[in-house]
Amino acid sequence: MHRVILAILFLFVFTCIQAQTDSIDFNVDELELIDYSEKNEYEIADIRVVGAENRDRNAIKSIAGFSVGKKISIPGEDISNALTALWRLRLFEDVKIIQEKIEGDLVYLVIYLKERPTLGRYTYTGIKKGHHDDLDEKLDNILNKGSIVSNEQRNLAIKRIKEFYIEKGKLDVEVVATELPEEDKQNSIKLVFDINLNERVKVQDITFDGNTFADDKKLRSKMKNTKIKGTFLRKTKFVPPNYEEDKDNIITFYNQEGYRDAKITKDSLWREDDGDLMIKIWVDEGRRYYFRNISWKGNTKYTDEQLSTVLGISKGDVFNPDILDERLNFSLDGRDISSLYLDFGHLRFNVDPVEVAVVEDSIDIEMRVTEGPEFTIGNVYIEGNTKTHEHVVRRTLRTRPGQKFRRTDIIRSQREIINLGYFNPENLGVQPIVNPERGTVDVLYTVEERPADQLELSAGYGGFSGLIGTLGVTFNNFSIANIKDRSTWSPLPQGDGQKLSLRAQSNSRFFRSFNFSFTEPWLGGKKPNSFTVGAVRSSFDYTTLDQGFLAITRGFIGLGSQLSWPDDFFASSSTLNLETINLEDYFRGGFFVESDAGVLVPVTDGNIKNFSVRQVIARSSISEPLYPRSGSKVQLTIQVTPPYSWFRSDNFFELSDLEKENVIRDLERQRGPRNPPTADDVELAILSAENSRKFEWLEYHKWRFDAEWYFNIFDKFVLAANAKIGILGAYSDNIGLTPFERFELGGDGLSNQNVGILGKDIIALRGYEVRDLTQNQRGGGTIFNKFTMELRYPLSLNPNSTIYMHTFLQGGNSWGSFDDFNPFDMRRSVGGGLRVFLPMFGLLGFDYGFGIDKQLTGDQGYGRFSIVLGFEPD
C-alpha cells in the first residue's frame, strides 16, 4: 500500500514539473544542468527578458534587482526576491527566472514573462440602453481601457452597478462579470456584466410603535421617499439612503411639533413570503415643550417690544426650532429679525438664541444680539452684458453708491434685471464684497445674455379663407442711437432696451393687416417713463361675394410711468387712440344694436370714428415673467370717449322724410322688381341708416379689472389663479350701447380672425367655440367675467426653451346687460396643455379643453383643441 502511494506522489510531482517546463517557450535540453547542492556566488554577465514585449526591459530588470556585473548567490534569496517583486506588480500571469548558462563565475539569466490580458472594452446585458451611459459614468474611474483589470477592480465595478440599481429600488439585483477574449485584439479581453434586475422590492407596510401624538398614517406621510403599496401617484420602492433620510424626516416632524427629545430607538425590516418588505419603527416621542420667556440682549437700534413683534412668537407657543430659525434669519415673506437689520446696513448682524432655562415643559430663551456697524454701498459692478448697454441694466438697480446697504434693494434689483427679459434668470448672480475697513459693500451683478428678439413666421390653409400667411418680428432690445454703429446690428442695432415690432398678415383672398409699434421704456433716460407710438391698418374685402367691405385704421400714442405711492410696484400708463372704421354693405362683422322693440339691427355702413383715452393703473410684484412662481399682478383699465351726446339733441340721428325715401329707393333698387322689400325690411333699413349716423362718433366708457396670483405650493409646482371682469357702459340711454368695443368669449382668442382685429375684446374660453355662447350671436356682451385656476409644472427652465405643462379649471360667460347678469351662470371647462417659450419665436402652445356646460349640436363634441401663438390669449 505504501509503495502505491509513493508511486502516485512521484507521478504527480513529475507531471507538475513537466507542466511547468512545457509552459516556458524554450528547449530544456539546451540548458546546462547545474548541481544546486552547494551555494555558489556568480557575477551576472547578461540578462535577457523574454515576453512582455510592451513593457520597458530596463524597468523590469531594475524591479527584479538585476544588473550586469552584480553578484548573486545561487541558490539564494536574490532569485526569490526578484520573483516576488515581479509578481507584486500584478501585471503577469506567469513569471520565471532561468539560469541559461554558467561560464566560470559568470551567470547568464533569462526572465520569462507572460502578460495578463488588458481591458479592451466593457458592456452590459439585461438592461435597457438608457442605463448604459449612467453606468459608464459610475465605472469610469474604476475600469480603464488598455489596463489590466484586477479582481478588486472587477468586484468594485460589480458593487457600483448594484448600488446604482438598489437606489432605484432593485434590491435583488444580480450582477455577474465575464471575461471574453477580444476577437480583433491580441491579449485583450472584453468584460461583460450580465445584469439581472429581478422585480423591484415593494414596501408592503410601515408600522410604528410608541407613537401617541401622531398616528401611523401621519408618520408615514412624513416619509417623502419610502412609500407603501397603494400610495396615490407614487411608486413604492425601498432605497436604503432614502429610508435613512425619511427616518430623519420623522424626527424633524416631531421637533417642529415641540417634541425636541423625540428619537427612533430601533427599527426592523423583513421580507414577506411574496418578497415584499415590511418595516416596523419604534419611536420614543418624549415630552412636548413650549416657549416661555423670550428676552433680548445687546439690541440698541430696536426695542425689545419691536423685535418681539417681528419675531411673532408668544409665550405658550409650541417650541419649534425651525420656526425660531426662520423668524431670526430668513423668512420668505421678509418677516425676520435679520432682514430688519440688513435693511439698515448691518451686514455683520448676528443673533444667537441661547436656552437659559428649561423648567419641566417650558423653555426660556435669551436672544443675544450683535448689531455691528452700518455699511454703505461702495461700487456697483455689472459683468456679462455683452449686448445690452450697461446703463440699461444700471438704471433698473436699487443699489446705488453711497446708499445704505439694504437686502430688500438687492432682491428688488434682481427682480428688475430678470423682468428686462434680456438675461438668463437661472444664471443671474449677485455678490456683495464687504470692505470692513472702509465700512462699505461693493455689489457685483453677473448676468448672462440670452436671445430677446422674436420672429413670427407662419402659413396655413384655411379652406374658404384660402392661404393665410403671417410675418412678424419683435426686437425687444432695440437701439435707435446705435443705427450708425454696425457692430451692434444683430440683425438690427440693439442694446438700449427699446422695443420695435413689425407685423404683416394676409389672406390670399380677402384680408390684409399691417401693424407697427415702438416703445422707449426710459424717455429722457432719467426716470422709468415709457413712450409708445404705433399704428394698425386692417381690411376685409368681401365685395366679390356681395358681403361688403371693412377697413380699420388706428393710431395710438402712450405715456407710462412708475409710481412711488402706494408703493413702487405700481405703474400708470395713458394711451390716446384714434380709430376709423369704414363699413360698406358689410354683413359679416356681427355688429348689432337692439332696437326698442327688441329687434337686432345690423350696422353695415358708415364711416365711424373712435377717439378714446385709455388709462391703466397696475401693480405687479411678479418676477421671472416666463414662469412666475410667486407674486401677483392687479390691473384696472378704463377706456373712455368724449360724451358727445351731452352736447347734441336727443333726435340728432333721426332721418328726415326725404332721407327715408332715399333709403327706401336704394333698398328697392338692390332687391329689384321681382323681390320687393317688405314693411319689416324697410323699417330695418331705416333703423340701420339711423344707427350709422348715431354711431358716427362712438361714445362709451369701458372698464376692465384683471388680476392674477402665483403660489409655489411645493417643489416646482405652481398654482396660478386669475380673474377677469369687464363692463361696457353708455353715457346716454337715447344713444345706448355701442355695437363696437364689446366682449366676446370663446375659442382660443386667435382663430376668430374676422373679429380678432376689430373693436372687440376677444376673451379666450378653452373648450368652447365662439358660437357656443349665445351672447356672441347678438354682437357680443357688454359685461363678462372669467375665472381660471391652473396647476403648472416646468419641464425645462432653460432660457433657450422654457417649457411647462398645466392642468386648468376655467369658467366664464358674457351678458347683454346688467339685467341679465348672473356671476354664477358660467360656462365651465377643464383640461390641460403645454407651453413652450422659444426666444426667437415667442410663446407656442396648445390646450385641450372639455366644455362641461356645452350644448351639443350636430357632430360637435365636448372637447376642443386651442392653439396659442406669440402671446397668451386674454
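User: How do β12 and strand β13 (residues 362-370) pair, and over how many bridges?
Analyst: β12 and β13 run antiparallel, with nine bridges between them. Strands are DSSP runs of E at least two residues long, numbered from the N terminus, and two of them pair if DSSP finds at least two bridges between them.

User: What stands opposite E355?
Analyst: I365 in β13.

User: Before I go on, what kind of model is this?
Analyst: This is a predicted model, where local features need pLDDT of at least 70, side-chain atom pairs count only at pLDDT 80 or more, and totals for chains, interfaces and linings use all residues. Residues are numbered from 1 along each chain as its sequence is written, and side-chain values use heavy atoms, with hydrogens and water left out.

User: OK, what's the strand order in the sheet with β11, β12 and β13?
Analyst: The order is β11-β13-β12, in an open sheet with mixed pairing. β11 (290-297) and β12 (350-359) are the edge strands, each pairing on one side only.

User: Which helix lies across β11 and β13?
Analyst: That's α8 (residues 304-311), running at about 140° to β11. Helices are DSSP runs of H or I with at least four residues. Angles run from 0 to 180 degrees between N-to-C directions, with axes fitted to C-alpha atoms, for helices over the stretch in contact. Contact means heavy atoms within 4.5 Å.

User: Now the sheet with β5, β6 and β7: what's the order there?
Analyst: β5-β7-β6, an open sheet with mixed pairing. β5 (118-125) and β6 (174-181) each have a single partner strand, so one side of each has no neighbour in the sheet.

User: How many bridges join β6 to β7?
Analyst: Eight, and the two strands are antiparallel. A177 has F193 in β7 as its bridge partner.

User: Switching topic: how many cavities of 30 Å³ or more are there?
Analyst: Two. A cavity is a set of points on a 1 Å grid over the protein atoms alone where a 1.4 Å probe fits but cannot get out, and lining residues have an atom within 4 Å of a point. Points are joined across faces, edges and corners, and the volume is the space filled by probe spheres set on them.

User: What's the volume of the largest cavity, roughly?
Analyst: About 110 Å³. Its lining has 13 residues, with P425, E624, L626, Y627 and T802 nearest the centre.

User: And what lines the second largest cavity?
Analyst: R648, F652, K694, F695, W697, L698, E699 and I735. That cavity holds about 30 Å³ of space.

Notes. On a 1 Å grid over the protein atoms alone, a cavity is a set of points where a 1.4 Å probe fits but cannot get out, and a pocket is an open set with protein on both sides within 12 Å along at least five of seven lines; lining residues have an atom within 4 Å of a point.
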